[in-house]
Structure formats: structure tokens, C-alpha cells
Amino acid sequence: MSAEILIIEDNPLNMELARDLLESRGYRVREAITAMEGIEAIHASLPDLVLMDVQLPGMDGLTATRLLRQDENLKDLIIIALTAHAMKGDEQKVMEAGCNGYMSKPINTRLFHAMIARFLQEKAAKSQ
Ligand code: MN
């Protein structure tokens, strides 16, 4: 079964782009447009990887990540932050919040696929 990826992203165009890229590689995709919706989706059924937009209405993506990491069962969940701010210091904030990686928008298609494949391969290797 192909890996399942949850995209938490409030911008419809970014959502569509990410979904299209992932589906083009055969991944199964689920969507949430707020942090709360995303957290509920994760608790309902654990995805293999989460793409977490940092800037979300209401609860932001880094706060959501910190909340998720408080759950012992979710400490190994792969969370990759998506942020529009390619500013120095962002990566540190993202990693401190508990994300595994960081991707700046606009999405670089080649890097996007490479990063997701790398994390999923690491996950598969660990679970063997
Ligand atoms: Mn956003």
C-alpha cells in the first residue's frame, strides 16, 4: 500500500499543488485546512507523513506540532513544515517545535519529492 500523507494547508492553491505532486507519485493524500482539523485527522487515523503549513488561521502549524509531540504515540510521526518565510532562524524555530524537516514555499518540485521520499524510506527502514 502506498504511503498516506496528510496535508494541513489553508491556501487552496498550495493545497492543490501539493496534492497533485503527491498523487502524481502514487501517494494517498488526505487534507485538512486548519490545525484543529489536522490534529483530529491524525488522531482518527495515523498518516505516514504530515505536511504542516506554518501559517494557519487560528492555531498555527508550529503550535499544532508542539501539541502533537506531547502525545507519546506521535513522537515518531514525520512532520514537515511548509513555510512562506525563507528567513534565517525559521529552520531553528521549526525544528524546536518538533518538526522533522522544513520546506519553504513556493515548493521546489524536485526537492519536495526528494525530501518526502527520503523521510518515508527512513521510516520504512526503521519499521523493518
Ligand atoms: Mn497558510
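Predicted model: local features only at pLDDT ≥ 70, side-chain atom pairs only at ≥ 80, totals over all residues.
Which residues have the most contacts inside the largest nonpolar core?

1. Fold. The protein contains five helices and five strands, and along the sequence these follow the pattern β-α-β-α-β-α-β-α-β-α. The radius of gyration is 13 Å, close to the 14 Å given by the globule rule for 128 residues, so the protein is as compact as a globular protein of that length. Its C-alpha atoms fill a box of roughly 35 × 30 × 25 Å along the principal axes.

2. Largest core. This nonpolar core has 22 residues, and those with the most contacts inside it are Leu-6, Ile-8, Ile-42, Val-50, Met-52, Leu-68 and Ile-79. Two or more residues each come from β1 (4-8), α2 (35-44), β3 (49-53), α3 (61-69), β4 (78-83) and α4 (90-97). The element that gives the most is α2, with four residues.

3. Val-50. With neighbours within four places in sequence left aside, Val-50 is in contact with Leu-6, Ile-8, Ile-42, Leu-77, Ile-78, Ile-79 and Ile-80.

4. Second core. A separate core of 21 residues includes Ala-3, Ile-7, Ile-78 and Met-103.

5. Of the 128 residues in the protein, 45% are buried. Among contacts between residues at least 6 apart in sequence, 61% join residues at least 24 apart.

6. Surface and charge. The accessible surface comes to about 7,100 Å², and 52% of it belongs to carbon and sulfur atoms. There are 14 positive and 19 negative side chains, with the centres of the two sets 6 Å apart.

Key: Residues numbered from 1 in each chain as written. Heavy atoms only, no water. Rg over C-alpha atoms; globule rule 2.2 N^0.38 Å. Buried < 20%, exposed > 50% of the residue type's maximum accessible area, 1.4 Å probe, protein only. Contact = heavy atoms within 4.5 Å. Areas by Shrake-Rupley, 256 points an atom, 1.4 Å probe, with all protein chains shown as cover. Lys, Arg positive; Asp, Glu negative; His and termini not counted. Charge placed at Lys NZ, Arg CZ, Asp CG, Glu CD. Core = buried A, V, L, I, M, F, W, Y, C linked by side-chain atoms within 4.5 Å.
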